[in-house]
Amino acid sequence: MRQNELKDGIDVEDESGNVVGKSRLAAVSGITQVVASRIVMAAPGMIILPVIMERLEKKPWFARLSVLHAPFQVMMVGCFLIFMVPTACGLFPQRASLSAGIIQRFEPEFYQEIEAKTKGKVPEKVFFNKGL
């Protein structure tokens with residue numbers, strides 16, 4: 001889905017919001033943060049719900065209501081998501097940053113592009129939208 005971002009990079013800005021170029025390192029960082037957030041978002045439904053269901057299915061009253069197992073699971077996943085979506089989205093800031101030193105080390109050609117664009121005044125940090 002975000003393959004073009006990995007290949008071409010994403011827009012990176014200075015503190016003032018001026019675009020200084022496209023960075024593949026920023027794309028990798030943003031996508032990594034989004035993947036981690038999505039794992040955190042889905043984890044309770046995939047880890048806690050099976051434990052709850054296993055314990056409830058041992059109860060005779062719940063075992064008799066087998067037709068309600070699927071609706072109960074859907075409701076529980078919905079309850080988990082009500083709390084986990086905001087939590088997962090809040091793990092990382094929407095406007096992420098990279099230090100100039102990291103860019104210089106891992107993307108030297110992009111660092112030189114920033115130097116040329118800013119006339120040697122490379123900002124300490126550059127910012128980018130990590131995506132959702």
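Start by selecting helix H4 together with helix H2 (24-57) and helix H3 (60-64): H2 and H3 are among the elements that cover the buried residues of H4. Helices here are DSSP runs of H or I, at least four residues, numbered from the N terminus. The model is predicted, so local features need pLDDT of at least 70 and side-chain atom pairs pLDDT 80 or more, while totals for chains, interfaces and linings use all residues. Residues are numbered from 1 along each chain as its sequence is written, and side-chain values use heavy atoms, without hydrogens and water.

Next, show the side chains of His69, Phe72, Met76, Phe80, Met84 and Ala88, the buried residues of H4. Buried means under 20% relative accessible area, exposed over 50%, and partly exposed in between (1.4 Å probe, protein chains only).

Stay on histidine 69, in helix H4. Histidine 69 counts as buried because its relative accessible area is 12%. Leaving aside residues up to four places away in sequence, histidine 69 touches Met53, Glu57, Phe62 and Ala63; contact means heavy atoms within 4.5 Å.

Now select residues 69-89, the whole of H4. At 1.5 Å a residue, its 21 residues should span 30 Å, and the end C-alpha atoms are 30 Å apart, which agrees. The expected span is 1.5 Å times one less than the number of residues.

Move along to phenylalanine 83, where H4 bends by about 30°, with proline 86 following within four residues. The bend is the angle between axes fitted to the seven residues ending there and the seven starting there.

Finish at leucine 65, in the loop between H3 and H4. Leucine 65 is partly exposed, with a relative accessible area of 37%.

Note on methods: Helix = DSSP H or I, 4+ residues; strand = E, 2+ residues; numbered from the N terminus.
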